[in-house]
Amino acid sequence: MSDIKILLNFDRNGKTHTLDDYTQRGGYQALKQKIPQLTPAQIVQEVKTSNIRGRGGAGFPAGLKWSFLAKDTGKPVYLICNADEGEPGTFKDRLIMEENPHQLIEGIILTSYAINAKQAFIYIRGEYGLSYRRIKAAVDEAYATGLLGEKIPGTDYVPNIVVHRGAGAYVVGDETGLMNSIEGKKGFTRIKPPFPAVAGLYDCPTIINNVETLASVPWIVQNGGEAYKAIGTEKSTGTKLISVSGHIRKPGVYEITMGYPFREFLKNECGGIVGGRKLKAVIPGGSSTPVLKPEEVENMTLDYESIQAAGSSLGSGGMIIIAEGTCMVRLLKILADFYHHESCGQCTPCREGTGWLAQIITRIENGKGRPEDLEEIPRISRFIYGYTICPLGDAACGPVDSFLKKFRNEFEEHIEKQRCPYGEKFTRFQELSK
Ligand SMILES: Cc1cc2nc3c(=O)[nH]c(=O)nc-3n(C[C@H](O)[C@H](O)[C@H](O)COP(=O)(O)O)c2cc1C
Ligand code: SF4
């Protein structure tokens with residue numbers, strides 16, 4: 001793996017979250033050296049050239065999104081940093097907020113300047129207590145030292161950031177739900193179009209980007225879009241944070257260069273599978289991305305194209321490694337319960353469908369499944385896909401369909417034996433690591 005580190009370019013010394021430490025590491029140099037040399041339009045162009053794709057899950061090119069902003073509307077423009085990070089398996093933004101919050105703030109200032117935002121917001125997942133405290137303290141430091149709230153030297157632009165804490169709803173990670181939440185409304189998602197870049201927060205043009213996307217901006221501005229583009233693969237440029245959990249020796253957050261082989265990642269960074277067990281499955285990009293079997297990840301590399309070719313998606317980079325001995329029905333039950341619990345209930349297919357899916361999968365796991373359940377599950381899923389307001393409905397079906405397709409024999413065995421063949425054994429990490 002190439003050694004380049006853009007987001008985790010520090011040794012943890014307990015102080016990396018402070019302004020002093022960040023400045024000593026060369027922080028705020030992009031802001032101080034490159035502005036006003038670079039006009040807002042030039043910064044947008046550098047980010048476009050870098051071809052960085054949004055790290056929140058959908059992988060939409062950031063520079064392109066910025067250029068969609070409605071122009072001359074007479075309304076203010078807003079920037080929102082999406083720090084809601086609620087997808088099971090995903091915990092990479094948390095590390096940036098806890099350990100490197102000033103890099104995120106610098107990225108937000110540069111982006112605000114580039115898109116001429118009147119006001120920026122950081123919307124933090126409610127359960128992330130330390131992230132909130134670190135970000136709040138870093139924003140306070142930035143105000144106290146004039147990095148925020150005062151004109152950027154050589155310009156008339158004044159950056160401002162408001163930190164907003166969520167209240168624990170996964171669906172509010174969706175950009176439209178998030179905007180409603182900031183507006184003080186119930187966290188219901190909105191139908192698109194209009195897209196936020198045209199009519200977003202308070203009906204004004206709004207750009208929403210993920211923490212990791214925005215924290216990459218200082219490096220791009222400092223080193224240039226071409227330099228960023230030279231890292232990684234042709235279509236997946238730069239580095240990516242992977243938060244990896246499950247049955248591995250070294251769970252955590254790793255910054256990899258796009259294109260890094262999965263097998264090397266599993267061996268080198270993850271330290272292999274606990275208990276010397278074999279790999280059974282991989283959820284590569286957060287719980288909504290389809291599960292992959294060992295033969296599908298054999299030659300897979302960690303980038304958008306390769307994971308897509310393997311049949312799944314890089315998503316947010318929240319990887320879950322599953323070892324032999326794990327009951328896939330029980331695992332799916334946990335995921336199905338999550339999506340049912342998090343459905344906001346606005347649309348019938350998702351509100352009812354996720355509940356039915358969770359009920360049926362639970363029934364199978366509890367030894368009360370019926371053969372016809374295996375036809376009922378995909379039928380319900382078909383009525384959810386594409387018939388909902390927001391992608392949560394589709395996200396709920398991703399694991400259901402792929403688990404059933406790839407591990408159908410386990411569902412059949414549960415129904416045939418009228419019990420879970422795994423029992424309590426080997427389904428928990430502690431058991432497996434013995
Ligand atoms: C149910 C749901 C939850 C989401 N949660 C998050 C999240 O926690 N963080 C995030 O950045 N994007 C999340 N997204 C994606 C956002 O809607 C949006 O695409 C993203 O913040 C854009 O940032 P990016 O272009 O930098 O990736 C979620 C989407 C859905 C449908
Ligand atoms: S898909 Fe589900 S979460 Fe999204 S709006 Fe509909 S009910 Fe709510």
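At what angle do helix 6 and helix 7 pack? Helix 6 (residues 101–115) packs against helix 7 at an angle of about 55°, with their axes 9 Å apart. Here axes are lines fitted to C-alpha atoms, for helices over the stretch in contact, and angles run from 0 to 180 degrees between N-to-C directions.

This is a predicted model, in which local features need pLDDT of at least 70, side-chain atom pairs count only at pLDDT 80 or more, and totals for chains, interfaces and linings use all residues. Residues are numbered from 1 along each chain as its sequence is written, while chains are lettered from A and ligands numbered from 1 in the order in which they are written. Helices (H or I, at least four residues) and strands (E, at least two) are DSSP runs, numbered from the N terminus.

## Helix packing

| Helix pair | Angle | Axes |
|---|---|---|
| Helix 6 and helix 7 | about 55° | 9 Å apart |
| Helix 5 and helix 7 | roughly 40° | within 7 Å |
| Helix 16 and helix 18 | about 20° | 10 Å apart |

Angles under 35 degrees count as roughly parallel, over 145 as roughly antiparallel, 65 to 115 as roughly perpendicular and the rest as oblique. Helix 6 and helix 7 are therefore oblique to each other, and helix 5 and helix 7 are likewise oblique. Helix 16 and helix 18, in turn, are roughly parallel.

A crossing is left-handed if the near helix is turned anticlockwise from the far one by less than a right angle, and right-handed if clockwise. Helix 6 passes helix 7 in a right-handed crossing, whereas helix 5 (residues 92–99) passes helix 7 (residues 129–144) in a left-handed one. The crossing of helix 16 and helix 18 is left-handed.

## Two sheets

Strands of a sheet pair through backbone hydrogen bonds, either parallel or antiparallel. Two strands count as paired if DSSP finds at least two bridges between them.

One open sheet has 4 strands in the order 3-2-1-4, with parallel pairing. Its edges are strand 3 (161–165) and strand 4, each of which pairs on one side only. From one strand to the next, the twist averages 20°. Inside this sheet, strand 1 (residues 77–83) runs parallel to strand 4 and is joined to it by 5 bridges. If you want a spot to look at, C81 stands opposite N209 in strand 4.

Another open sheet, also of 4 strands, has the order 6-5-10-8 and mixed pairing. Strand 6 (252–257) and strand 8 (279–283) each have a single partner strand, so one side of each is left without a neighbour in the sheet. Here the twist averages 30° from one strand to the next. Strand 5 (residues 239–246) pairs with strand 10 (residues 318–323) in the parallel sense over 4 bridges, and S245 stands opposite I320 in strand 10.

## Around the two ligands

A residue is near a molecule or strand if its C-beta atom, placed from the backbone, lies within 6 Å of it. For residue classes, Ala, Val, Leu, Ile, Met, Phe, Trp, Tyr, Cys and Pro count as nonpolar, Asp, Glu, Lys and Arg as charged, and the others, Gly among them, as polar.

Ligand 1 has 24 residues around it, of which G54, G56, G173, N210 and T213 come nearest. The shell divides into 9 nonpolar, 9 polar and 6 charged residues. Strand 4 (residues 206–210) gives the most to this shell, with 3 residues. Ligand 1 lies between domain 1 (19–229) and domain 3 (328–432), because both give residues to the shell; the domain bounds come from an automatic or database domain assignment.

Ligand 2 has 14 residues around it, and the nearest are C344, C347, C350, T388 and C390. The elements giving two or more residues to its shell are helix 16 (348–365) and helix 18 (392–406). This shell divides into 7 nonpolar, 6 polar and 1 charged.

## Backbone details

Two cis peptide bonds are worth a look. One runs from I35 to P36, with omega near 10°, and P36 is found in the loop between helix 2 (29–34) and helix 3 (40–50). Another runs from K192 to P193, with omega near -10°; P193 lies in the loop between helix 8 (175–182) and strand 4.

N51 sits in the loop between helix 3 and helix 4 (62–67). Its phi is near 60°, a positive value in a residue other than glycine.
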